Amino acid sequence: MKRNTATVASFFRPAAAAVLLLLFFGWDEQARAHPVDRPFSPVLRHPQTYRDVGQVSEHHHLEICCLHANILDYYLTNILHHTNNDHAHMHRLKTNLHRISTDLQAHGCNVTQYHDHKNAVDFRTKLEKMEKMKGITKAISELDILFSYLQDYCVEPRNSTDA
C-alpha cells in the first residue's frame, strides 16, 4: 500500500509543479498586461481631449433631442388632438407640450429633418398598424417616456454652483 501511495505521489508531483508553473506564468502575464502598470498616452490626460469628447457628446445629445422633438411634433399633430378633455389636465398638457416644441424649434431643432429617421419612422409605423384608438392610447401611455427623453437630452445639466 505504501508503494502505491509513493507511486501516485511521485506521479502527481511533476504534474502539480507544471500546473503551478503555468498558473504563475498566466498570473504574471495578466499582471504585466494590466493598464495601471503601463504608462498612458499623454492624450488621455490632455485637456483638449476632454473638450473634444464633451463637444462630440453634446452634438450627439442635440441629435437625440431633435429626434424626440420630431416625435413630440407627431404627438401634437396626430395624437393629442384626438384627446379633447379625457383628463382634467389634458388642455394644460397640450399647451405646455406645444410650448416645449416651439422652444426646441427656436433653439435649433428642425423637426422635419428627423421625419425620415429610422426611429421616428418605426415609431409612427407601429402606431399606424394598430387600431386607431389603441394606437392613441398606447402613445399617450408612453408620453412619460418621451418627456423623460426630452428632459434627459434637451435640458442642459445645471452646474452644481447654480443651485
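**View 1. The largest nonpolar core of the predicted model has 25 residues.** Tyr 75, Ile 79 and Leu 146 have the most contacts inside this core. A nonpolar core here is a set of buried Ala, Val, Leu, Ile, Met, Phe, Trp, Tyr and Cys residues joined through side-chain atoms within 4.5 Å. The elements giving two or more residues to the core are H2, H3, H4, helix H5 (132-141) and H6. H2 gives the most, with 10 residues. Leu 146 touches His 68, Ile 71, Leu 72 and Tyr 75, leaving aside residues up to four places away in sequence. Contact means heavy atoms within 4.5 Å.

**View 2. The whole chain has six helices and zero strands.** From the N terminus, the order of elements is α-α-α-α-α-α. Helices (H or I, at least four residues) and strands (E, at least two) are DSSP runs, numbered from the N terminus. Of the 163 residues in the chain, 20% are buried. Buried means under 20% relative accessible area, exposed over 50%, and partly exposed in between (1.4 Å probe, protein chains only). Among contacts between residues at least 6 apart in sequence, 73% join residues at least 24 apart.

**View 3. Helix H2 (residues 47-79) packs with helix H4 (residues 118-129) at about 25 degrees, with axes 10 Å apart.** H2 is therefore roughly parallel to H4 (angles under 35 degrees count as roughly parallel, over 145 as roughly antiparallel, 65 to 115 as roughly perpendicular, the rest as oblique). Axes are lines fitted to C-alpha atoms, for helices over the stretch in contact, and angles run from 0 to 180 degrees between N-to-C directions. On the H2 side, the contact is made by Leu 67, Asn 70, Ile 71, Tyr 74, Tyr 75 and Ile 79. H4 supplies Asn 119, Ala 120, Phe 123, Arg 124, Leu 127 and Glu 128.

**View 4. Ser 101 sits in helix H3 (residues 90-106).** Ser 101 counts as buried because its relative accessibility is 4%. Leaving aside residues up to four places away in sequence, Ser 101 touches Leu 72, Asp 73 and Leu 76.

**View 5. Gln 151 is found in helix H6 (residues 143-154).** At 42% relative accessibility, Gln 151 counts as partly exposed. Gln 151 and Cys 65 are 86 residues apart in sequence, yet 8.7 Å apart in space, C-alpha to C-alpha.

**Notes.** Residues are numbered from 1 along each chain as its sequence is written, and side-chain values use heavy atoms, with hydrogens and water left out. In this predicted model, local features need pLDDT of at least 70 and side-chain atom pairs count only at pLDDT 80 or more, while totals for chains, interfaces and linings use all residues.
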